[in-house]
Amino acid sequence: SPDAIARYDAQLRYAYLNATAAAAIGLPLEDIVDRTDHELGRDAVVSAIWEAGLRQVLVSGNATEVEFSEGVANEARWYQARMVPQFDDDGAISGVLTSTRDITPTKRAELALAHQAVHDSLTSLANRVLFIDRLAQALARMEREPGRLAVLFIDLDHFKEVNDTYGHDVGDLMLCDVARRLEGVLRRVDTVARFGGDEFVMLCDKLAAAEDVRIIAERVVRALARPYVHEGTELPVSASIGIVVAADPYVPTDELIRDADAAMYQAKARGGDRFFVFDPELCGRPTAIAHYRGRSVVGEGTDRSA
């Protein structure tokens with residue numbers, strides 16, 4: 001059988017292994033039988049999952065399945081084991097029979113699909129779905145732990161000219177470069193996502209003060225102001241950034257994003273290469289003030305002045 005098959009006695013000692021199971025452990029059969037996985041030095045994390053499954057079968061008398069991985073990152077391999085009780089002539093549980101198969105190709109495909117569902121295919125950043133989920137989680141957390149967060153809506157200046165002049169392939173390379181630059185200025189608690197085209201959105205969570213967003217925004221402006229070099233040619237890069245700061249956990253996520261987008265257009269109207277913090281009066285929605293009592297306006301700036 002290509003599956004690793006083993007039989008354990010009631011004390012979790014090996015009573016039988018087929019050739020596949022012995023090869024997986026990497027020891028001669030005579031060195032495995034009558035010993036436990038712990039005695040054989042099996043990985044502690046895997047051993048804990050494995051033994052929990054075996055003991056569950058011994059106690060309940062019902063079959064079960066366990067799934068586990070061995071190795072790290074891209075080298076990890078995934079396995080699925082079926083565990084069924086064994087009975088003696090009197091009907092008492094005498095051991096457990098296990099059958100384990102390698103499900104690495106299937107698991108990697110599942111993980112890849114799961115990743116694609118919440119990440120941008122070009123830049124590997126979070127996509128809209130994942131970003132909104134992270135934003136909703138941050139707002140929910142503020143119900144328990146009052147604080148502030150900021151949403152930055154980032155739109156590249158004159159990106160269409162790059163696509164029109166140099167082609168979409170170069171434009172895609174520039175977008176990937178921008179993604180790496182944005183990742184470079186992130187704090188560990190922050191999230192950056194690509195919403196599509198040349199639009200990026202950043203969530204800055206757990207801000208100690210409203211003014212902290214100015215520091216982050218200035219870093220973003222500076223990071224994106226450096227020219228992108230393609231085959232020896234410098235292509236100008238800059239961005240217009242709209243910011244909304246919130247301390248109210250009950251603000252709808254879509255309205256936060258909408259107002260950050262509106263503030264971005266204010267930055268773009270002022271020539272780009274700068275950030276602008278949402279102001280309901282300037283952004284054409286004076287009635288919105290009542291919905292954003294936790295918000296604070298901290299001004300506008302560029303990479304050259306605050």
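Which residue takes a positive phi in the hairpin of S1 and S2? The tour below begins there.

The model is predicted: local features need pLDDT of at least 70, side-chain atom pairs count only at pLDDT 80 or more, and totals for chains, interfaces and linings use all residues. Residues are numbered from 1 along each chain as its sequence is written, and side-chain values use heavy atoms, with hydrogens and water left out.

**First stop: strand S1**

Select residues 4-9, which form strand S1, and residues 14-17, which form strand S2. Helices (H or I, at least four residues) and strands (E, at least two) are DSSP runs, numbered from the N terminus. S1 and S2 pair in the antiparallel sense over 3 bridges; two strands pair if DSSP finds at least two bridges between them. Ala6 has Leu17 of S2 as its bridge partner. The hairpin has 4 residues between the strands, and Leu12 is the residue with a positive phi, near 65°.

**Second stop: Lys107**

Select Lys107 in helix H3 (residues 104-118). Lys107 is buried, with a relative accessible area of 15%; buried means under 20% relative accessible area, exposed over 50%, and partly exposed in between (1.4 Å probe, protein chains only). Not counting residues up to four places away in sequence, Lys107 touches Glu67 and Trp78, where contact means heavy atoms within 4.5 Å. Between the side chains of Lys107 and Glu67 there is a polar contact of 2.7 Å. A polar contact is a pair of N or O atoms within 3.5 Å; within protein, one must be able to donate a hydrogen and the other to accept it, and residues adjacent in sequence count only if both atoms are side-chain atoms.

Select residues 199-207. Strand S8 is largely enclosed by the rest of the structure, because 7 of its 9 residues are buried. Strand S6 (residues 148-156) runs antiparallel to S8 and is joined to it by 7 bridges; Arg148 is partnered with Leu207. Strand S7 (residues 191-196) is also antiparallel to S8, with 5 bridges, and Thr191 stands opposite Leu203. S7 and S8 form a hairpin with 2 residues between them, and Gly197 in the turn has a positive phi of about 55°.
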